Amino acid sequence: MSSSLDSPTLCRLPRVAIIGAGRVGSTLAQRIAEKNLADVVLLDIVGGMPQGLALDLLEARGIELHNRQIIGTNNYADTSGSQIVVITAGLPRKPGMSRDDLLRTNAKIVVEAAKQAIAYSPHAIFIVVTNPLDVMTYLAWQATGLPRNRIMGMAGVLDSARFETFIALELGVLPADVKAMVLGSHGDLMVPLSRYATVNGIPITELLDAATIERLVTRTRNGGAEIVELMQTGGAFFAPASATSVMVESILLNQSRLLPVAAYLQGEYGLKDVVIGVPCRLGLNGIESILELNLSDSEREALHFSAQSVRKNIQRSPEI
Ligand code: TXD
């Protein structure tokens, strides 16, 4: 027996398009759906693969207790109307390969993906994940012509999470109690700000000696390579997907979280026309604001050095 009810108001959740359904892309789809943040469209160049992954994720919905739509496709038309587009398409690093070795191949892939995606989702906010991260974000910004608040790269959240992990392991404390901020480019020249790292408000400089902190900083700088060396077949993807999902969440839920994000700078930190990791407040408009910290001379120098290497790679990248 059924009683008549007013037709339920269907609450349409936002849609996130993920370009590149590889390890980072598919894990991100899982995180977004299981956090109930948005419907997900997974797109890849390989036929059948994103469709299979989407079906697999759909079959877990009853167990994971969510009802998000997950679509797998090879057609950009299916991504239309997305609020957020995440670009993970490209080749990952192989052992011994630097992120910059990926430059040429991934530049073509990312620029093409950005152009196609913006055509179908002209109001979307873009998050670039593909390496070399800062250069790819710059190229995607150029290719889309987006205002700078609507395009950013994910790296600092991951690098900071790695630094926090190593601090927590060293001190034997709960990882969630450790907060750290890593700025600069995503690579060997990243800038972990040790003096801002705390355990529930206590600066780590009170808890660890300088040599130990330096060891943890070095491990953070090599965090990606350490995993590539261990795995031998591709790089990290669980933590990168988690880090990206935090950015997606802060934007969709307008959380205003202050996160290190690769942003296009127009004079902040004395840097212009370059993309580099700086603290940004993320909300519905994407980058709501950029926070300018009072850096020490050596931190500022390290940030500028890091920006210089990004610039060099932007100049080296192919005309597309
Ligand atoms: O901190 C960060 N930003 C990073 C970046 C952390 C981890 C991974 N990082 C980089 O993300 C990594 O160096 C790669 O450049 C990307 C994606 O890494 P992932 O590990 O997911 O690589 P996969 O598993 O090889 O997936 C890439 C997918 C794969 O399925 C390809 O078929 C697809 O990209 N691909 C494309 N999709 C759409 N369109 C085109 N042209 C295309 N080319 C490849």
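Reply: Helices (H or I, at least four residues) and strands (E, at least two) are DSSP runs, numbered from the N terminus. The model is predicted, with local features needing pLDDT of at least 70, side-chain atom pairs counting only at pLDDT 80 or more, and totals for chains, interfaces and linings using all residues. Residues are numbered from 1 along each chain as its sequence is written, and side-chain values use heavy atoms, with hydrogens and water left out.

Me: In which loop is Y196 found, and is Y196 buried, partly exposed or exposed?
Reply: Y196 is found in the loop between β9 and β10 (198–199). Buried means under 20% relative accessible area, exposed over 50%, and partly exposed in between (1.4 Å probe, protein chains only). Because its relative accessibility is 31%, Y196 counts as partly exposed.

Me: Leaving aside neighbours within four places in sequence, with which residues is Y196 in contact?
Reply: Contact means heavy atoms within 4.5 Å. Once the neighbours within four places in sequence are set aside, the residues in contact with Y196 are K179, L293 and N294.

Me: Which residues does the UniProt annotation "domain: Lactate/malate dehydrogenase C-terminal" cover?
Reply: UniProt positions are given in the numbering used here, feature names are shortened, and annotations may be inferred rather than shown by experiment. According to the unreviewed UniProt entry, the annotation covers residues 158–316.

Me: Over how many bridges do β12 and β13 pair?
Reply: Two strands pair if DSSP finds at least two bridges between them. Strand β12 (residues 257–266) has seven of its 10 residues buried, and its residue L265 stands opposite V274 in β13. The sense of the pairing between β12 and β13 (residues 272–283) is antiparallel, and the number of bridges is 10.

Me: What is the phi of Y269?
Reply: Most residues other than glycine have a negative phi, and most peptide bonds are trans. Y269 is placed in the loop between β12 and β13 and counts as buried, at 1% relative accessibility. Although Y269 is not a glycine, its phi is positive, at about 55°.

Me: Within what arc do the buried residues of α10 fall?
Reply: In α10 (residues 297–316), the buried residues are E299, L303, S306, A307, V310, N313 and I314. On the other side of the helix, D297, S298, E301, F305, K312 and Q315 are exposed. The arc is that of the directions from the helix axis to the C-beta atoms. Seen down the axis of α10, the buried residues line one face, so the arc within which they fall is 115°.

Me: Which elements are included in what covers the buried residues of α10?
Reply: The cover draws on helices as well as strands, the helices including α4 (103–120) and α5 (133–144). The strands included are β8 (182–183), β9 (191–192) and β13.

Me: What is the omega of the peptide bond from N131 to P132?
Reply: P132 lies in the loop between β5 (125–128) and α5. The peptide bond that joins N131 to P132 is cis, its omega being near -5°.

Me: Which residues do ring pairs link into a cluster?
Reply: Rings of Phe, Tyr and Trp (its six-membered ring) pair if their centres lie within 6.5 Å; planes under 30 degrees apart count as stacked, over 60 as edge-to-face and the rest as tilted. By this rule there are four aromatic pairs. The cluster linked by ring pairs consists of Y138, W141 and Y264.

Notes
The expected span of a helix is 1.5 Å times one less than its number of residues.
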